[in-house]
Amino acid sequence: LEYLKSLNVGVIYMSPISESGLRYDRYAATNHMQIDPNAGTFKDLKSLSEKAHKMGMYIVLDVAFNHCSDKNPIFQEAMTNPNSKYRDWFYFDEKGNYRYWYNEFKDMPLFNQYNKEFQKYIYGENGVVELLSEYVDGFRLDAVKHIDANFYKEWIQTLRDENKKELFTVGEYWSADVNRLHR
C-alpha cells in the first residue's frame, strides 16, 4: 500500500474474490457470499480496506453477476430439481437444457436477472452487495452490456437508498465493433 500511495494511486481495483473454481479468474463463482481461499479472507479484506482508507485510497471490487460456475450449489440444485426455488434463477428450456455464457462456456450458466429472488440475493437485504459493501467503496460490474437495464436501475437505486455509505459503480463495456467505439 505504501508503494501504491507513493505513486499517487487513489483507487485500488480488485479482480473478483468470490469463491470459485480454478477457471476464469474467479469470474465463475461457486459462492458469491464467500471469499475464495486463494484470494484471502474477510479478515484480510477488512484489514486492506482499513489500511487503504487511512491512506486516502478507495477499493473497487469487480463482480460478475451475469453467470456463475456450473459447480455453484444454487445452480446444481436448479439443474437437478425442476421444482427447486432456484430453477427460475437460470434459463432452462422444456428439455432441461440451460443457457450459458456466450453459448460457448457451458460451465458458466447464465443468471436470470429478471428473477426477483435472484435480485434480492445480489442487492437485497443480507445479499452479496450488503455483505461486501462493508469492505469496499464500489463495484465494477462485469460485462455490463449483458446486464438487464432494470436490474441495473434497481442496483443503483438500492445502492443509493439502503447503504450507509455512498458506493461507486462502474461497468465494463467492450465491443469488437471499433467503429461503434469511435462514435
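This is a predicted model: local features need pLDDT of at least 70, side-chain atom pairs count only at pLDDT 80 or more; totals for chains, interfaces and linings use all residues.
Reader: Let's start with the rings. What describes a pair of aromatic rings?

Author: Two things do: the distance of the centres and the angle of the planes. In this structure there are 12 aromatic pairs. Take Tyr86 and Trp89, whose centres are 4.8 Å apart with 80° between the planes, an edge-to-face pair.

Reader: Is Tyr86 buried or exposed?

Author: Tyr86 counts as buried because its relative accessibility is 17%, and the cut-off is under 20%. Trp89 is buried too, with a relative accessible area of 5%.

Reader: And why is the pair of Phe92 and Tyr98 edge-to-face?

Author: Look at the angle: the planes of Phe92 and Tyr98 stand at 65°, with the ring centres 6.3 Å apart, so this pair is edge-to-face. The cut-off for that label is over 60 degrees. Both Phe92 and Tyr98 are buried.

Reader: Which residues form one aromatic cluster?

Author: Among them are Tyr86, Trp89, Phe92 and Tyr98, together with others including Phe75 and Phe111.

Reader: Where does the charged end of Arg87 sit?

Author: You can find it over the ring of Phe92, 3.8 Å from the ring centre. Arg99 gives you another case to look for: its charged end lies over the ring of Tyr91, at 4.3 Å from the centre.

Reader: Now a strand, please. Which side chains of strand E1 point to one face and are buried?

Author: In E1, residues 11-14, those are Ile12 and Met14.

Reader: What tends to happen to nonpolar side chains in soluble globular proteins?

Author: They tend to be buried together. Here, the largest nonpolar core has 38 residues, and Phe65, Phe90, Ile122, Phe139 and Trp155 touch the most other members. Elements that each supply at least two residues of this core include E1, E4, helix H2 (42-54) and helix H6 (149-162).

Reader: What does Trp155 touch?

Author: Leaving out residues up to four places away in sequence, Trp155 touches several residues, among them Val63, Phe65, Ile122, Phe139 and Leu141.

Terms used: Residues are numbered from 1 along each chain as its sequence is written. Side-chain values use heavy atoms; hydrogens and water are left out. Rings of Phe, Tyr and Trp (its six-membered ring) pair if their centres lie within 6.5 Å; planes under 30 degrees apart count as stacked, over 60 as edge-to-face and the rest as tilted. Buried means under 20% relative accessible area, exposed over 50%, partly exposed in between (1.4 Å probe, protein chains only). A charge sits over a ring if NZ of Lys or CZ of Arg is within 6 Å of the ring centre and within 35 degrees of the ring normal. Helices (H or I, at least four residues) and strands (E, at least two) are DSSP runs, numbered from the N terminus. A nonpolar core is a set of buried Ala, Val, Leu, Ile, Met, Phe, Trp, Tyr and Cys residues joined through side-chain atoms within 4.5 Å. Contact means heavy atoms within 4.5 Å.
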